[in-house]
Amino acid sequence: MAAATRTAPRAREIFTTLEYGPAPESHACALAWLDTQDRHLGHYVNGKWLKPEHRNSVPCQDPITGENLASCLQAQAEDVAAAVEAARTALENWSTLPGARRAQHLTRLAKMIQKHQRLLWTLESLVTGRAVREVRDRDVPLAQQLLQYHAVQAHTQEEALAGWEPMGCTVVVLVPPASPAPLLLAQLAGELGSFPGILNVISGPTSLGPVLASQPGVQKVAFCGAVEEGRALRRTLAGQGLELSLALGAESLLLLTEAADVDSAVEGVVDATWSDRSQGGLRLLIQESVWDETMTRLQARMGRLRVGRGLDGAVDMGARGAAARDLAQRYVREAQSQGAQVFQAGDVPSDSPFYPPTLISDLPPASPCAQTEVPWPLVVASPFRTAKEALAVANGTPRGGSASVWSERLGQALELGYGLRMGIVWINAHGLRDPAVPTGGCKESGSSWHGGPDGLYEYLQPSGTPARQPSLSENLNYDTFGLAVPSTLPAGPETGPSPAPPYGLFVGGRFQAPGARSSRPIQDSHGNLHGYVAEGGAKDIRGAVEAAHQAAPGWVGQSPGARAALLGALAAALERRESALAARLERHGVELKVAKAEVELSVRRLRAWGARAQAQGHTLQVAELRGPVLRLREPLGVLAIVCPDEWPLLAFVSLLAPALAHGNTVVLVPSGTCPIPALEVCQDVATLLPAGLVNVVTGDRDHLTRCMALHQDVQALWYFGSVQGSQFVEWASAGNLKPVWVNRGLPRAWDQDAEGAGPELGLRAAQTKALWLPMGD
Amino acid sequence: MGVPIFITAVTNCCWIGADNCVILGILGTDLSWISKVQVNHPAVLRRAQQVQARRTVKKEWQAAWLLKAVTFIDLTTLSGDDTSSNVQRLCYKAKYPIREDLLKALNMHDKDITTAAVCVYPARVCDAVRALKAAGCNIPVASVATGFPAGQTHLKTRLEEIRLAVEDGASEIDVVINRSLVLTGQWEALYDEIRQFRKACGEAHLKTILATGELGSLTNVYKASMIAMMAGSDFIKTSTGKETVNATFPVAIVMLRAIRDFFWKTGNKIGFKPAGGIRSAKDALAWLSLIKEELGDEWLKPELFRIGASTLLSDIERQIYHHVTGRYAAYHDLPMS
């Protein structure tokens, strides 16, 4: 038996050093797949490769070696149109199928991914440079699980989602140039045969986004990317009649208290930033009493991290290409110049594409770097003294993506988990994902959701929603819309009894004189002067938003039951006022019988929402996780509402009730033509509800809309008014990326339960937070 | 949690042997870190899963690592039917763990690769010492003691067992702790017992088996590890191999973190020995990389790291065979142990 057929020249040496060696994952299959396309990738549309002539192409490079792997065609407007056309054709078939059939197809796609998983993960890791382990062990299984989860949902949709319909248009994905994995996925889906056009992938620059959005038939645009890109897209798509959902930024937060298992929390930091799991950097808040200990452990841990080629099976972190590296480098240099300490460690190859794990501390809180988003693979650590301070610091940024809390004290962990304004909070873990749990954010991280029930509603609309009508006014001047308030002059003698409610704006629980000290006349249906209401302006909105903010903590702190009781009391007060309110409505041309019905319905709405809001939040069960995930429904904060002109009382109450029931505080602009019933309700609000909870500002609707839409501290805005107003609101919301709901000039049947009190209002009146609570001892 | 009592135990260092007072002097100045110790079970489980997925070695690296792993093995036989003949065979295997021609092919034949020790019941120590002497090597003999595996005998006999094993020539003693003391929170008594074991060992190395499968929680594992180290153990060992749950990664992570904390506080390096259930070469590699990741290269030597195993060695030999020849070995290609 001759043993020496293969020799190991280095074994002796390795035996002494016990170093790690290269553990390359073969990417031959990825290259072979690229070869099937002759290293020349087009778009995948309607189940076929589309490789139009005369297009620019960009090289797809290995981020580590710089080797050209393939060239990718850049789409042009015609290609986009072709893809949308394919999707529209496919929709006709697809949307009329029974749910069970769709479920079957999704399951088949999941299986297809399973069959070709090696190809998928090697290709993805090859071109992105991410550690293959993360793609193989997390991304690919998660993709399959998401498909399976939605297959289950499709099975039950006829019952579970009755009353909802698809938004329309199947999927067209615009991927940044040189990312072939989505194309491969589309090919896998296309090769299933039955419904070729349901997934179409075209590659091209972000500038094609608006072109894609403006295609007829497109109803919904979901965008993942940088915050500024999202903001720009929001502005460009204003008035296009589309639903736009944004998932922006990638920074995460880790809150480490003195009651934490520090070693495990340090692993959490590694998971969050240095394991190629997330796209962004991390802000790390450490309680001062464990600062030194944590830093020692963190730095020791960093020393053992390995950086290298993503396709190596033994690295923690790959490379992300020149752009990501330069971004990190720039941030570090700036932070240093602003006085920060920088610590870098780990086993990092010296050649250029790699960037070492980096820990930044002592960054002055007021420095520009402390405000900007932390890029990959950086961790910016800062101390805090108490849990209260931690919340203030953590919530003191425009970002609201994901966070983890590390504390072994249950009470403290929950306090922090509930207090963080984030889309996802993990307790004593970081970066867990599951298809049954919604993933999303709030504030400038965008309020779009993926997975779980929230992910479903993203693509559904209440049955009977009118089809999208392009209502874009090209000549709407955003700079001047609603800027000037027309001056009001005395409008002749007041006829009839003068309005019962005191004159003024209802702000902070009492009627106040408007800042402008001027008034606007209100006419009844016969054109006679009914009375004057106060002319509100920018200063009044500022005051109202401030009052609402002050009332917010108290209202959020109330139990849903207590809120329901107060809404009930308000309903009772309205009932007592019925005849006065009906008379008021009658004066504006409503038949007495109808007016009475409107008051009655308003009373019902208040009561109904009080009861509905009692059942909020529920537990999701996640495979492979011991412990629950809570899907919390939290208030948006200060919600601004511009009520429609029609149904002056009913629409006002129908909007107010769900907003209050879900714990928001509100600033409302009542009907322009008939604001008096709303002011009348305020008289009861003044005596029954806490001051500042409800604020009603009358005046020029465009002007007030402008003030609220541009207000950075208004957390959400509902607008029911003109086409132009809707467009302006969408445009202006880009400032703080507040979620907006606009009617695009379309009337709404407020007296119908589906539109006036449907589940859509409840969904819009609160935001989701997924709170992960792993357990074990 | 019993921590306050524990602190008392440590601060009363006047009744503790003088050698240990140095360590306790260092620890005694700042004890708050012990009471703050928190072990989060689910987080440790996740880390345990990751650590196996994040590192791998291939080709020459794998072969070299496997040979290194051989030098960490406490080649063990702990059966009721052990006799002098199978102990003798074990000892011979300890001296020649890998076929000579395979080592030659790897150019490792002059590295004197043997297992770290052989580990037997006290009654077989004489056999082992004699066999190893006959084989002409100075591989240490480790003996289990103190009522192994349950530890449910009188302290007096447990101590006597140590003394006899040492007398017979065992230079390493694997003692089991009294689990009841951990479960009832009698940390002071536990400390005291291990101190007495230490004294009874004399010059012999003391490896303390925590029997982690029976300690109830990871926090208990951490505290027991800390006590064992403070009381003067040279090694802490996961399990006897006779519990239902033996050497697992989560438990190991907690023990390794305790070892690291102890080192940071006192400057003393304590060894670690997982035992029970480590059967495949792949497992062995994972254990090596776990040590490398959690403690660093300084711990990767037989003085600070052992693997208690019996069948592991033959699987390693098979893998080496495959590495060298490119073929999978038949059962009869490799000598039995």
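Which helices of chain A and chain B each supply at least two residues of the lining of the largest cavity? They are α10 (262-273) and α11 (291-302) of chain A, together with α13 (249-266) and α14 (281-294) of chain B.

## Basis of the model

This is a predicted model, in which local features need pLDDT of at least 70 and side-chain atom pairs count only at pLDDT 80 or more, while totals for chains, interfaces and linings use all residues. Residues are numbered from 1 along each chain as its sequence is written, chains are lettered from A and ligands numbered from 1 in the order in which they are written, and side-chain values use heavy atoms, with hydrogens and water left out.

Helices (H or I, at least four residues) and strands (E, at least two) are DSSP runs numbered from the N terminus.

## The largest cavity

Searching the whole structure gives 6 cavities of 30 Å³ or more. A cavity is a set of points, on a 1 Å grid over the protein atoms alone, where a 1.4 Å probe fits but cannot get out; lining residues have an atom within 4 Å of a point. Grid points are joined across faces, edges and corners, and a volume is the space filled by probe spheres set on the points.

The largest cavity has a volume of about 120 Å³. Its lining has 13 residues, and those nearest the centre are Asp263(A), Glu267(A), Arg297(A), Arg301(A) and Arg260(B). By type, the lining of this cavity has 3 nonpolar, no polar and 10 charged residues. Here Ala, Val, Leu, Ile, Met, Phe, Trp, Tyr, Cys and Pro count as nonpolar, Asp, Glu, Lys and Arg as charged, and the others, Gly among them, as polar.

## The second largest cavity

The second largest cavity holds about 70 Å³ of space. Residues of both chains line this cavity, including Ser264(A), Glu267(A), Trp406(A), Arg46(B) and Arg257(B). Glu267(A) is also among the residues nearest the centre of the largest cavity.

The most comes from α4(B), with 5 residues.

## Chain B as a whole

Chain B contains 15 helices and 8 strands. Of its 337 residues, 61% are buried; buried means under 20% relative accessible area, exposed over 50%, and partly exposed in between (1.4 Å probe, protein chains only). Chain B exposes about 12700 Å², and carbon and sulfur atoms supply 52% of that area. Accessible areas come from the Shrake-Rupley method with a 1.4 Å probe; for residues, only the protein chains shown count as cover.

Contact means heavy atoms within 4.5 Å. Among the contacts in chain B with a separation of 6 or more, 77% are between residues 24 or more positions apart.

Helix α8 (residues 125-134) of chain B has Val125(B), Asp127(B), Ala128(B), Ala131(B) and Leu132(B) buried. These residues lie on the same side of α8(B) because they cover an arc of only 160° around the axis. The arc is that of the directions from the helix axis to the C-beta atoms. An α-helix has 3.6 residues a turn, so residues three or four places apart point the same way. Arg130(B), Lys133(B) and Ala134(B), on the other side of α8(B), are exposed. The buried residues of α8(B) pack against α6 (84-95), β2 (117-120), β3 (141-145) and α9 (155-168) of chain B. After α8(B) comes Gly136(B), with a positive phi near 70°.

In chain A, helix α9 (residues 227-236) has Val227(A), Gly230(A), Arg231(A), Leu233(A) and Arg234(A) buried. Their arc around the axis is only 165°, which puts them on the same side of α9(A). The elements covering them include β9 (220-225), β10 (243-248) and α24 (723-732) of chain A.

## Three residues of chain B

Cys119(B) is part of strand β2 of chain B and is buried, with a relative accessible area of 1%. Leaving out residues up to four places away in sequence, Cys119(B) touches residues including Asp74(B), Ala142(B), Val144(B) and Lys273(B).

Asn220(B) sits in helix α12 (residues 218-230) of chain B and counts as buried, at 17% relative accessibility. Lys199(B), in helix α11 (residues 187-201) of chain B, is exposed, with a relative accessible area of 67%.

Definitions and conventions. 1 Å grid on protein atoms, 1.4 Å probe; cavity = no way out; pocket = protein on both sides within 12 Å on 5 of 7 lines; lining within 4 Å.
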